[in-house]
Amino acid sequence: MERMISFLAGYLCGNFLTAELLSRKKAGKSAFGVGTGNPGMANMMRQYGFRDGLLVLAGDVGKTLLACLACRFLLFPSMQLPAALYSGLGCVTGHNFPAWHKFRGGKGVACTCAALVCISPLWGLLACIAGLVGVILTKYLPVGAVMIPAVFLFPTFGIYGAEAGIIAAVLALLMLIRHYPGLKNIPTGTEPQIDLLKRLRRGK
């Protein structure tokens, strides 16, 4: 029961799409109706600028941390890791498949990163760095995105056990499903590239 409640708490938090709030306030338009239609950091950054992209990133990370930390340390402190596992999975699921938008949402990169760090700060951070390097080297966001949970998956089974490994595998599968269309576009040259280092230097 505690696992289900943790998942549902995470799912509710995940339904709050920061990009939707920002786009409505910024341009009076739904995030689903601008650019690529994805309510995530990358699309908002392309449409409204670097700083607005960072605001979306902060909001998506924040809602995931809220769900994971609240479940792990406040609601179910005796559960510890499983509470973070299921609330993190719930938040990613809620972000990707929000009930209020007919289960069509974002791609869950920021939420997944935050969930992995909550599960294991060291391995989560290393996985995020690996994904960042992947984007810098290839200039393709889908490549870095799928690398993050994939890198995290390998040490998880041995360190945290089968339950954590299964949740990590589900997170990796969700990421692959959401980014598979972009990965297919790379060989045809139709997937947009992003020079992350240039954007960081310019700050826009």
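In this predicted model, Phe103 is found in the loop between H5 and helix H6, the latter covering residues 109–119. The phi angle of Phe103 is near 65°, which is a positive value in a residue other than glycine. Most residues other than glycine have a negative phi.

**Another positive phi in a loop**

- Gln80 also has a positive value in a residue other than glycine, with its phi near 60°.
- The place of Gln80 in the chain is the loop between helix H4, which covers residues 50–75, and helix H5, which covers residues 81–96.
- Gln80 counts as partly exposed, because its relative accessibility is 32%.

**Cysteines and disulfides**

- A disulfide is a covalent bond between the sulfur atoms of two cysteines.
- For a pair to be counted here, the two cysteine sulfur atoms must lie within 2.5 Å, and by this rule the count comes to 0 disulfides.
- For Cys91, the closest cysteine sulfur belongs to Cys111 and lies 4.5 Å from the sulfur of Cys91, so this distance is too far for a bond.
- Cys91 counts as buried, because its relative accessibility is 0%.
- For Cys128, the closest cysteine sulfur belongs to Cys113 and lies 3.6 Å from the sulfur of Cys128, so here too the distance is too far for a bond.
- Cys128 has a relative accessibility of 19% and therefore counts as buried, since the cut-off for buried is under 20%.

Note on methods
Residues numbered from 1 in each chain as written. Predicted model: local features only at pLDDT ≥ 70, side-chain atom pairs only at ≥ 80, totals over all residues. Heavy atoms only, no water. Buried < 20%, exposed > 50% of the residue type's maximum accessible area, 1.4 Å probe, protein only. Helix = DSSP H or I, 4+ residues; strand = E, 2+ residues; numbered from the N terminus.
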